[in-house]
Amino acid sequence: ELDKFVDIDAVKPRALYTINQTCSVLQCHRNSLRNWTATGRIRATFTKNTCRTMYLGSDIIKFYTEKM
C-alpha cells in the first residue's frame, strides 16, 4: 500500500497510481501535483471505468528524476 511515504525505487513503471500515492512518492501536496499536471510537467491518465485521475509509474519516475 502506498498511502505513506514510499521510496521511488518501489514504483513499478507499468503500474497506475492515484493522486495520493503519487504525492506520497513525490513528497508534495496534491495541489502541487495538479499544477504540474496542468502545466504539462507530468502526464496524468483518466480512467473511464473509475473516473479517476491516475499516474503511470514510468511518468512518476521520469518526473522524479528530472525534478531532483
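Biologist: What share of the 68 residues of the protein chain counts as buried?

Modeller: This is a predicted model: local features need pLDDT of at least 70, side-chain atom pairs count only at pLDDT 80 or more, and totals for chains, interfaces and linings use all residues. Numbering starts from 1 along each chain as its sequence is written, and side-chain values use heavy atoms, without hydrogens or water. Buried is under 20% relative accessible area, exposed over 50%, partly exposed in between (1.4 Å probe, protein chains only). For the protein chain, the buried share is 35%.

Biologist: In what order do the elements run?

Modeller: Helices (H or I, at least four residues) and strands (E, at least two) are DSSP runs, numbered from the N terminus. The protein chain has 3 helices and 3 strands. From the N terminus on, they go β-α-α-β-β-α.

Biologist: What is the radius of gyration of the protein chain?

Modeller: It's taken over C-alpha atoms, and the globule rule is 2.2 Å times the number of residues to the power 0.38. For 68 residues, that puts a compact globule near 11 Å, and the protein chain agrees, at 11 Å.

Biologist: Which residues of H3 sit on the face turned away from its buried side?

Modeller: In H3 (residues 57-67), Gly57, Asp59, Ile60 and Phe63 are buried. Those four cover an arc of only 160° around the axis (from directions of the helix axis to the C-beta atoms), which means they're on the same side of H3. The face turned away carries exposed Lys62, Thr65 and Glu66.
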